[in-house]
Amino acid sequence: MATRTRRHKLALTLSAFALAAAGAIGAVGAPAAPAEAAGRCVDYTYSQGGYSSCIGYIQQLVNYHSGAGLVVDNAFGPKTKSAVMQVQWRFGLTVDGIVGPRTWNIICYPQKGPGPIPGFPYTAARAAGCSI
């Protein structure tokens, strides 16, 4: 009986060791998650030359605030920069075309009072991490 128990404990120990080793090896070979997956869009700064789904949300939100009619293509090009600068100027921010914390604070909200505002892209705002 003692031999059977020792074999059982040995088998369990080896199994646990093999699982732990496989987990460690799997973790080393796993690709790193993109920065977007690590946090919310509003936690980052965006400027001309960037490309991500977060920029698509910026384009939707800026379209609402500026009426720029940007094509939502997830690329921060000259037209997106110009539209961002228009929103920054309109709301009294530093006009630099960079979407940082202060610009996010403006574009995340309808700026028109309480309640659901027709036309405001709530889905994009929530996806970007706006607290709306």
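Read along the sequence, the protein chain follows the pattern α-α-α-α-α-α. It comprises six helices and zero strands, where helices (H or I, at least four residues) and strands (E, at least two) are DSSP runs numbered from the N terminus. This is a predicted model, in which local features need pLDDT of at least 70 and side-chain atom pairs count only at pLDDT 80 or more, while totals for chains, interfaces and linings use all residues. Residues are numbered from 1 along each chain as its sequence is written, and side-chain values use heavy atoms, with hydrogens and water left out.

**Chain totals**
- Of the 132 residues in the protein chain, 31% count as buried (under 20% relative accessible area; exposed is over 50%, partly exposed in between; 1.4 Å probe, protein chains only).
- Among contacts (heavy atoms within 4.5 Å) with a separation of 6 or more, 44% link residues 24 or more positions apart.

**Nonpolar core**
- A nonpolar core is a set of buried Ala, Val, Leu, Ile, Met, Phe, Trp, Tyr and Cys residues joined through side-chain atoms within 4.5 Å.
- The largest such core has 26 residues, and those with the most contacts inside it include Tyr46, Trp104 and Phe120.
- Helix 3 (53-66), helix 4 (78-90), helix 5 (101-107) and helix 6 (122-128) each give two or more residues to this core.
- Helix 3 gives the most, with six residues.

**Selected residues**
- Beyond its neighbours within four places in sequence, Phe120 contacts residues including Leu61, Tyr64, Ile107 and Ile132.
- Thr103 lies in helix 5 and counts as buried because its relative accessibility is 6%.
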